[in-house]
Amino acid sequence: PAEHVPRPALVGEPAGLPLTDTSRGEDFAEVGVAELPGGRVLHPHHAVVTGRGDLVQDVSWYFGTTRPREHPLYLDPFPPPPLEVDGRLGVLAARGDANYYHYLLDVVVRLGVLEQTEVAPPDRWYAATSGPRFQRELLELAGVRVDHVVDAAAHPHVRASTLVVPSVPAMREVDPPWAVDWLRDRLLPRVDTSGPRQRLYVTRRESAHARTVINEREVVALLAGRGFVTVDPGELSVADQVRAFATAEVVVGAHGAALANLVFLPPGAAVVELFPRGCLLADFARLVSGLPDVRHRYLSSPGPTPRRGRAAALVRDIEVDVAALSRLLDELT
């Protein structure tokens with residue numbers, strides 16, 4: 001059902017920084033499952049189309065668009081013929097699913113939507129599996145047999161006898177608490193999370209396309225003196241990523257997809273999220289607010305606030321104020 005979830009104000013430095021994205025995510029629409037006879041999934045962005053040719057905007061919204069006719073599928077009006085699939089095909093594929101965050105929160109959690117209804121399960125699933133290795137690993141960890149999956153990357157246009165379409169939990173990065181709970185309940189028991197607690201610095205390395213920490217050596221030196229270890233989640237298996245975050249007592253890292261793993265933090269953990277100058281996005285603070293007794297602080301690079309806007313903010317690099325970082329860690333630890 002639809003719900004209203006109060007979210008706490010964000011805390012960090014500089015204090016009072018305005019949100020770059022003001023959609024706070026406190027109100028959540030209802031979610032459900034559609035059964036579409038002769039339905040199709042079209043284009044690399046996985047738009048859902050009914051048997052009579054209507055775009056289902058509720059599950060097909062594309063980043064940065066404000067109305068259905070802006071969807072990029074209309075830039076390709078003559079797609080190749082669809083792959084015909086007999087029986088019931090369950091749609092997990094979603095736009096942005098080459099990204100770890102979106103695969104975890106938009107693709108995998110659709111299983112949880114279906115499980116909350118009385119709709120019969122599909123015969124096969126439709127999801128991207130031939131891209132980054134985390135795609136197959138996340139599906140398998142969630143209990144989906146990959147040999148029962150039609151690869152959405154290899155077949156961007158499919159038509160099924162019946163398309164079974166669970167809603168995406170939220171079409172924007174607002175992380176409803178039930179989705180956080182479902183991921184923890186489904187994935188954490190399948191990974192060995194025993195072992196000592198640790199402090200993590202999540203690096204994006206210098207090869208990152210955006211939000212590179214330009215004074216990372218200085219940051220790593222400060223954190224090493226406080227007992228932190230540096231991890232690059234992109235080099236780890238999904239199980240190892242889950243294990244690392246599930247045993248973390250403090251996490252420091254730049255805003256990015258790898259912080260989706262914050263969903264696995266244990267009670268009492270703390271997070272310092274690093275942002276470019278003048279930028280503050282609430283995505284992961286929203287996610288953390290659904291966790292038991294986990295504290296979140298933001299740290300934006302010093303300097304005047306530039307013109308705001310999500311797309312512009314996400315491409316800027318980060319210069320960390322190490323004195324401010326040290327103050328935040330003193331507060332949290």
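I will take the sheets, then the aromatic pairs, then the nonpolar cores. Keep in mind throughout that this is a predicted model.

How many strands does it have, and in what order? There are six, ordered 2-15-14-13-11-12, and the pairing is parallel. The edge positions go to strand 2, residues 12–13, and strand 12, residues 228–231. Each of these has a single partner strand, so one side of each has no neighbour in the sheet.

Within that sheet, look at strand 11, residues 198–202, and strand 13, residues 248–254. These two run parallel and are joined by five bridges.

Another is helix 9, residues 322–332. Helix 9 lies across strand 2, strand 12, strand 13, strand 14 and strand 15, and its angle to strand 15 is about 170°. For orientation on the screen, strand 14 is 270–275 and strand 15 is 295–300.

Next, strand 10, residues 158–166. Is strand 10 largely enclosed or left open by the rest of the structure? Seven of its nine residues are buried, so strand 10 is largely enclosed.

Its pairing goes as follows. Strand 4, residues 33–37, pairs with strand 10 in the antiparallel sense over five bridges, and the bridge partner of A34 there is V165. Strand 5, residues 40–42, also runs antiparallel to strand 10, with two bridges; here R40 stands opposite R159. Strand 7, residues 83–91, runs parallel to strand 10 and is joined to it by six bridges. In that pairing G90 faces V164 of strand 10.

Now the aromatics. The structure holds five aromatic pairs. One of them is Y100 with F134, edge-to-face, at 5.3 Å centre to centre and 80° between the planes. Y100 sits in helix 1, residues 100–108, and F134 in helix 3, residues 133–141, so far as sequence goes 34 residues apart. Y100 is buried, at 7% relative accessible area, and F134 is buried as well, at 12%.

F134 also pairs with Y103, again edge-to-face, with 6.0 Å between centres and 75° between planes. Y103 is in helix 1 and F134 in helix 3, so this pair ties together parts 31 residues apart in sequence. Y103 has 0% relative accessibility and counts as buried. Elsewhere, W61, Y62 and F63 make up one aromatic cluster.

In soluble globular proteins, nonpolar side chains tend to be buried together. The largest nonpolar core here has 72 residues, and L104, L262 and L265 have the most contacts inside it. Helix 1 gives the most to this core, with seven residues.

What does L262 touch, once its neighbours within four places in sequence are set aside? Its contacts are F245, V251, V271, F284, L287, V288 and L291.

Terms used:
Residues are numbered from 1 along each chain as its sequence is written. This is a predicted model: local features need pLDDT of at least 70, side-chain atom pairs count only at pLDDT 80 or more; totals for chains, interfaces and linings use all residues. Side-chain values use heavy atoms; hydrogens and water are left out. Two strands pair if DSSP finds at least two bridges between them. Helices (H or I, at least four residues) and strands (E, at least two) are DSSP runs, numbered from the N terminus. Contact means heavy atoms within 4.5 Å. Axes are lines fitted to C-alpha atoms, for helices over the stretch in contact, and angles run from 0 to 180 degrees between N-to-C directions. Rings of Phe, Tyr and Trp (its six-membered ring) pair if their centres lie within 6.5 Å; planes under 30 degrees apart count as stacked, over 60 as edge-to-face and the rest as tilted. Buried means under 20% relative accessible area, exposed over 50%, partly exposed in between (1.4 Å probe, protein chains only). A nonpolar core is a set of buried Ala, Val, Leu, Ile, Met, Phe, Trp, Tyr and Cys residues joined through side-chain atoms within 4.5 Å.
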